[in-house]
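Subject: Structure for your review

Dear colleague,

Please find the structure below, together with its sequence. My notes on what was found in it follow.

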Amino acid sequence: MGSLKVTLCAGAALATALCAPAAYTYAADGGGVSVSPSAPAPGTDVTLRVPDCTEKTAVAVSAAFESDVRLSLAAGDGVLVGSSQVRTSVRAGAYAVQVKCGDQARKGTITVHDERRPSTHASPVAPVDAGGGGTAELAASDAGNGARVDPPGTAHTVTGLVLAGIAAVAVALRSVRSRSRGTD
């Protein structure tokens, strides 16, 4: 039974090692321009985010927007943020979003969905004014020291892989020790 444990743990460690780079690649793909919500209906307000830009301001351009979007630094995190509205006359489909960030051109995509299709609301339709309690500061949009918005990066991925490796070694050593004592 001891070898089964080692086999399962080794398989879990291998799966973690193989899946982590794929998850990081997915997160890195969003390094250009992110649009939230990514699939709005015509007439919907959208927010654009451009991380790691060398400039303090930029302009985003897309055929899906009512007008060009002025982006500016949000907090001290180096992310440019701006808002716009999707044109009410735009047809469903994918539209390119382009931002000139210093010497680099950043690109993203916004997919406008068919307005006849039912959709869920991005926020509550009739929210209850119940206060925020201890989380009010984190929920405030103008709080500079609020919750982290960026996805985990390379450092988090490496830390997770190291911890998974340590756990796999610990389980293997425990299995070897229990086998040498004659217990299982």
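Which residues does Leu-48 touch, leaving aside those up to four places away in sequence? In this predicted model, the contacts of Leu-48 are Val-33, Ser-34, Val-35, Ala-60, Phe-65, Leu-71, Leu-80, Val-81, Gly-82 and Val-97.

Leu-48 belongs to strand β2, which spans residues 45-50. One face of β2 is covered and consists of Val-46, Leu-48 and Val-50.

Two strands pair with β2. Strand β1 (residues 34-36) runs antiparallel to β2, with 3 bridges between them, and Ser-34 stands opposite Arg-49. Strand β5 (residues 80-85) is also antiparallel to β2, and this pairing has 6 bridges.

As background, nonpolar side chains in soluble globular proteins tend to be buried together.

A second residue that may interest you is Ala-58, which lies in strand β3 (residues 57-61). Is Ala-58 buried or exposed? Its relative accessibility is 9%, and because buried means under 20%, Ala-58 counts as buried. Beyond four places in sequence, Ala-58 touches Val-69, Arg-70, Leu-71, Leu-80, Val-99 and Lys-100. Ala-58 and Leu-73 are 15 residues apart in sequence, and their C-alpha atoms are 9.3 Å apart.

Turning to the protein as a whole, there are 3 helices and 7 strands, arranged along the sequence as α-β-β-β-β-β-β-β-α-α. Of the 184 residues, 21% are buried. The exposed surface comes to about 12600 Å², and carbon and sulfur atoms supply 57% of it. Among contacts between residues at least 6 apart in sequence, 56% join residues at least 24 apart.

With kind regards

Technical notes
Residues numbered from 1 in each chain as written. Predicted model: local features only at pLDDT ≥ 70, side-chain atom pairs only at ≥ 80, totals over all residues. Heavy atoms only, no water. Helix = DSSP H or I, 4+ residues; strand = E, 2+ residues; numbered from the N terminus. Buried < 20%, exposed > 50% of the residue type's maximum accessible area, 1.4 Å probe, protein only. Contact = heavy atoms within 4.5 Å. Areas by Shrake-Rupley, 256 points an atom, 1.4 Å probe, with all protein chains shown as cover. Pairing = 2+ DSSP bridges.
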